Amino acid sequence: MSNQILKCNMVKAVMVLAIMLIAHPVHASCDTGCIAVENDLKLSTCVEYQGVRYAIVLDFTPNTDGFYWKADVPSFKPLQTADSSCIQVENDLALNFCCAAYQGKNYKFTLNYAPYPADPTGYYWKADVSTFSYSEMPPVLAKVVQFSLEKTITADALMAHLKKFDELANAAKDSGYRFSGTPGYANTIEYIKDKLANSGLILSEQKVEYNGGTAVNLFAETATGDENQVILIGAHLDSVAEGPGINDDGTGSAALLEIAIQLGSNKDFKPVNKLKFAWWAFEEPGMIGSTYYVNNLSDAERAKIGMYLNLDMIGTGGDKYYYGIEDGDFSISKTDPKVPAGYIAVFNNYPAYISQNAEIKKAFVSYFENYPVPKSDIIFSALHGNMDYEIFLLNRIPFGGLYSGKDACNHLACDNYQNINKDVLLINTKAIASMVQLYAEKTKLFTTSNL
Ligand SMILES: [Zn+2]
């Protein structure tokens, strides 16, 4: 936040306080009663600030980045009775609703004073969704305070996973860092399994053999959700033998892990569709793990995969990073000579399939366009292959993904923990979390049928 904006907020905060201070003090505690929440979620209540009480009305005004209530300033009136429950206003203007009755049940939650940039003259409070206990909430209110997977993601948590990946790979560097089939790979699988042990997600492994080595594809899936519409999100866990592979693809693997942890630990998030996370083995020698998985699905099982999201290198360091959205609809790939002929054949022959990829790409674009990153940093990444999305594309399973570019340390020993741009990693992971939740909650994944 700039000083300018901060100052602006301070001025507004003082103005709101002034509105609240125009009357005589009346004292009361919070537990004298419960405020009634109207069906339109309008909050009419009493607030008390430094001993002074006022009647106020807040209108529910959802905005793109959360759930806001806007002060209906003309409704603010000084109160001189002590017979209604009153919300104690804190110095930061947070409103703690001790008890709000809505359709027969009582709830507790906090609204934080949070000016909304699109309406600088209005006074807004924003729901702090972490304060709601909404397990018993009726659908209307539950939707209002819906779980936001994206907001559970932090850079610290992602970087802690990468630190561990780096340690485990470096401890085994003489046997090939985290190359599939090495102790570095096996120990990292154990770390992920340990982190997900109490997540409520169902873990499974698939043995993959290649060139004399054996490693596993690891999966974690939700116990609930429509198993006929599986959303698969994948990243390759293996490194090259020459380096610890922290950007390539520790970043994608850490993003999946943290999203899985957060999603698994929230019992109130019930996806409509089944979510399945995949850490692929043997990507570096040629996408062996993901190809093995798809090729060993029966036709019926393959048909149940509604979409695939691929994460490969999403925390690129240096100054060469960008927010690269995989070009699943071929808008730039169709004329790119580096795109494999087999991909172009799919593009030419299956327009209905391509339009499904276009929907996924568009959803990514709208995420990044609503995020405060420079528009010039958002690019489409041509489908040059050497990525785990390949087998999905060739089997016409709708796909999308992120890739933030190749840095100077790619496939070298210096692709380590220090090589990561944690802001880029955080924003990309939030984008994926947002997409996972968006598609997890869709009863119909695509507007176009591929049949
Ligand atoms: Zn990679």
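**Reading a buried strand and the cores around it**

In strand E17, phenylalanine 399 is the bridge partner of tyrosine 308.

Visitor: Where does that pairing belong in the wider picture?

Guide: Keep in mind that this is a predicted model. Strand E14 (residues 305-311) runs parallel to E17, and four bridges join them. With strand E15 (residues 323-326), E17 pairs in the antiparallel sense over two bridges; there, glycine 324 has tyrosine 403 as its partner in E17.

Visitor: How many residues of strand E17 are buried?

Guide: Five of the five residues in E17 (residues 399-403) are buried, so the strand is largely enclosed by the rest of the structure.

Visitor: Which residues of E17 lie on one side, and which on the other?

Guide: The general idea is that side chains in a regular strand alternate between the two faces of the sheet. Here, one side carries Phe399, Gly401 and Tyr403, while Gly400 and Leu402 are on the other, and both faces are covered.

Visitor: Which residues touch the most other members of the largest nonpolar core?

Guide: In soluble globular proteins, nonpolar side chains tend to be buried together. In this protein the largest such core has 85 residues, and Leu256, Ile259, Ala260, Ile432 and Val436 touch the most other members. Helix H11 (residues 422-440) gives the most to this core, eleven residues. A second, separate core has 24 residues, including Val37, Leu43, Tyr49 and Phe67.

Visitor: What is alanine 260 in contact with, leaving aside its neighbours within four places in sequence?

Guide: Its contacts are Leu196, Ser199, Leu201, Ala220 and Phe277.

Notes
Residues are numbered from 1 along each chain as its sequence is written. This is a predicted model: local features need pLDDT of at least 70, side-chain atom pairs count only at pLDDT 80 or more; totals for chains, interfaces and linings use all residues. A nonpolar core is a set of buried Ala, Val, Leu, Ile, Met, Phe, Trp, Tyr and Cys residues joined through C-beta atoms within 7 Å. A residue is buried if 20 or more other C-beta atoms lie within 10 Å of its own, exposed if 12 or fewer, and partly exposed in between; C-beta atoms are placed from the backbone. Two residues are in contact if their C-beta atoms, placed from the backbone, lie within 7 Å. Two strands pair if DSSP finds at least two bridges between them.
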